[in-house]
Amino acid sequence: MKFMKLGSRPDTFYTSEAVRSVSSEVSSDLIIQVKGSRYLLHKFPLLSKCLRLQRLCSEYAESSQHQIIQLHDFPSGVEAFELCAKFCYGITITLSAYNIVAARCAAEYLQMTEDVEKGNLIYKLEVFFNSCILHGWRDSIATLQSTKAFPLWSEDLGITGRCIDAIACKVLTHPSKVSLSHSYSRRGRDDMSCNGAESLRHGKPGNKGWWAEDIAELGIDLFWRTMIGIKSGGRIPSNLIGDALKIYAAKWLPNISKNGYSKQAESTSDSDSDSGNDLTSKHRLILETIVSLVPAEKGATSSSFLLKLLKAANILNASSSSKMELAKRVGLQLEEATVGDLLIPSVPHEAKGTRYDVDIVMTILEQFKLQGQSPPTSPPRSKLRNFQRRRSRSAENIDFEFQESRRSSSASHSSKLKVAKLVDVYLQEVGRDVNLPLAKFIAIAEALPEFARLDHDDLYRAIDIYLKAHPDLNKSERKRLCRILDCKKLSMEACMHAAQNELLPLRVVVQVLFFEQARAAMAGGKVTDLPSNIRALLASRDIDPTRPPPPLSASSIIPADDQWSVSGLKSPKSKMSTLRMKLEEDDDLDDNGIGRSSRLKALCLLPTRPKRMLSKLWSNNRSSTTASEKN
């Protein structure tokens, strides 16, 4: 730290009966009362340097031996006043970054200007401030921190603004050119006289974000102004700005745990409610200020950090604009998030709400979808026309642009695949909440396009968990829930589990068994035997899977609304790679007189050879079509 000494006389101030006096052969003739303290001083040394005291003495008539002056609105404390008084007496005083603001405000109040005497205190303080304090990194930060005790005076005197400008300038400067150690909180004390050499080492910052921890020591208002000054320079990468915000949030915001309550909040819950509300308001202000400083560039801050801010925003009841801003930022890089990050606790005072805030997750997914559409499979028509018209001159440029668009679209496609996996695992977690409405569960599952899920195993697990946590769902609700499931995308293990899942609607079980048998038929040339556990399930329903199947025709026991329709069959060379099933809405089984046992029997009526099975399905489909045309 830099310091400056003024004066040469020894300190002769002393205290007697709660009164501060100065040893002198001349009796005191002036009494000054400052902040509840009384000083017995002399007019000559003080009035010769303080214009305000001259005016006050001329306004008040002398009473007896001493003239009394009261300084009710003195801006600084008694230490600053005594510093100015000692300067008037020529007593040695030491100025540094820790007391220069108080001394400068006191000198301004007492009007210790050049008009009164050349080389007065204000002049000397300004020289020291501009030539020494603002040139040092630690000194600038320490001085800026001390301005919070005198905010109005510091603003009027330009101390706050000059400190912020100096700090921002040093951050934008190459680290090797910044004087003094960059972190006074971690290094030893570096004392330096204003005109002398540094007593200890010249610390050099070791990384690009060397300034972040020191800036984090500032209060939120000064931190905001400093960060605005740094960002306005346009030379600091956005990721370093994000790192500085993360460091500040870790220092000043409460630690939000998984259940939504922080240790700090629990410690203040038993204290006075007013103090607790003040603390919450302070944290809310810090949070909203940090959100306003988040860089707009994608990747400037991690998704994990943004979602932690979003959790804190819910707990602290931050403004809806701050929450929406965070949701937008998370949506830009949702593929980087984890399930734990997305488990955002709901607002505590909402007793009937869900455990986790699924609405904000829906908002995040909507923002994620706004980034782009599904990857294109062909160039736009306008580019094709240009390509044909001016192929000789611009073919290479168009090809390059198209490849670039394909490359960016592929990246977007891979992000959607990652997000789909993330959403399915997220549904497994929130599906355990008994208060989670079915509509919200389905809305989250359907928020992504179908191609984003390469398989539906995780989605099936989420549905199974939701069904177990909500046993009171009626038949139509279960069917509505399972409509989001694509049985063709289930693995063998998931199909075996689903075939024995009593919570699933019968239609889903039928679909699972049908597609598993069809898959086996196309893969091996014949329908394989049913697994033992599925045979046991059929046996429990009095169904013999080994019974030879009768011919499958339009008069089959399968009702018309439950018949399978097969479309998109290709030539034998394609290995019949596409087998699509279209099911219409299922009416009430009891009304149609069709029970679970009859449907499973119908399932077992599968032909043993795939060609024969497909021809039967074709004949059935064509017969039903002919019947509909006749009607």
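What follows is a working chat about one predicted model.

Trainee: Before we start, what should I keep in mind about the numbers?
Mentor: Residues are numbered from 1 along each chain as its sequence is written, and side-chain values use heavy atoms, with hydrogens and water left out. Since this is a predicted model, local features need pLDDT of at least 70 and side-chain atom pairs count only at pLDDT 80 or more, while totals for chains, interfaces and linings use all residues.

Trainee: How do α20 and α21 pack?
Mentor: Helix α20 (residues 438-445) and helix α21 (residues 457-469) pack at about 175°, with axes 12 Å apart, and are therefore roughly antiparallel (angles over 145 degrees between N-to-C directions, with axes fitted to C-alpha atoms over the stretch in contact). Helices here are DSSP runs of H or I with at least four residues.

Trainee: Which residues of α20 make the contact?
Mentor: Leu-438, Phe-441 and Ala-445 do, where contact means heavy atoms within 4.5 Å.

Trainee: Switching topic, how many salt bridges are there?
Mentor: The count comes to 18, a salt bridge being a side-chain nitrogen of Lys or Arg within 4 Å of a carboxyl oxygen of Asp or Glu.

Trainee: Where does Arg-453 sit, and what is its partner?
Mentor: Arg-453 lies in the loop between α20 and α21 and Asp-424 in helix α19 (residues 391-430), so the pair ties together parts 29 residues apart in sequence; their side chains meet at 2.9 Å, N to O.

Trainee: Is Arg-453 buried or exposed?
Mentor: Arg-453 is buried, with a relative accessible area of 7%, and Asp-424 counts as buried at 2% (buried means under 20% relative accessible area, with a 1.4 Å probe and protein chains only).

How values were computed: Axes are lines fitted to C-alpha atoms, for helices over the stretch in contact, and angles run from 0 to 180 degrees between N-to-C directions. Helices (H or I, at least four residues) and strands (E, at least two) are DSSP runs, numbered from the N terminus. Angles under 35 degrees count as roughly parallel, over 145 as roughly antiparallel, 65 to 115 as roughly perpendicular and the rest as oblique. Buried means under 20% relative accessible area, exposed over 50%, partly exposed in between (1.4 Å probe, protein chains only).
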